[in-house]
Each structure stands twice: as structure tokens, then as C-alpha cells.
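Here is a briefing on strand pairing and helix packing. Look over the fold before reading on.

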Amino acid sequence: MQEQEEQDKQILTRQELAKLLSVSHRTIGNWEKAGLPTIKCSHRIRRYSRDAVWDWLMAGRPSAKPTTEGQA
């Protein structure tokens, strides 16, 4: 039971993640486009694993505005 509660604490909403990392909601959206790992709960609802996000950021955090190839 305690293990499930610990896992629940690690699953964050976009607002919680933005507050935790001191970034805007828009930055989180840009990171999603750049490959930020998400948990798809439904068609429109996504959650974030604190550990997966941390690992992704430590592996080479992209800029807040991902580059788009082919645009001038």
C-alpha cells in the first residue's frame, strides 16, 4: 500500500511539474514536442513521472523553444 502511495506522489500534472521545475506551462508543452516522456491518461489528459522527467532532463535538456527543421 505504501509503495502505491509513493508512486502516486511521483505522478504530476503539468501545473505541478511546471511549479516543481520553475518553468512555464508553455515550456512544458515545448518539451513534450521535443520528447519529454508523458503518461497518456486519456485523449487530452497527460501526466508526468517525476523520475522519468528528471532522467530526461539530465540526459540533455533541450532549449525551451525546440528548433524546427526546414523553416527559415
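The points below cover the sheet, its pairings and the helix on it.

This is a predicted model, in which local features need pLDDT of at least 70, side-chain atom pairs count only at pLDDT 80 or more, and totals for chains, interfaces and linings use all residues. Residues are numbered from 1 along each chain as its sequence is written, and side-chain values use heavy atoms, without hydrogens and water.

**Sheet**
- Three strands form an open sheet in the order E1-E3-E2, with antiparallel pairing.
- Strands E1 (11-12) and E2 (39-40) are the edges, and each pairs on one side only.
- Strands (E, at least two residues) and helices (H or I, at least four) are DSSP runs, numbered from the N terminus.
- Two strands pair if DSSP finds at least two bridges between them.

**Pairings**
- E1 pairs with E3 (residues 46-49) over two bridges, in the antiparallel sense.
- Ile-11 has Ser-49 of E3 as its bridge partner.
- E2 and E3 run antiparallel and are joined by two bridges.
- Ile-39 has Arg-47 of E3 as its bridge partner.
- Five residues lie between E2 and E3, which form a hairpin.

**Helix on the sheet**
- E1 pairs antiparallel with E3, and helix H4 (residues 50-58) packs on the sheet, touching E1 and E3.
- Contact means heavy atoms within 4.5 Å.
- The direction of H4 makes about 70° with that of E3.
- Axes are lines fitted to C-alpha atoms, for helices over the stretch in contact, and angles run from 0 to 180 degrees between N-to-C directions.
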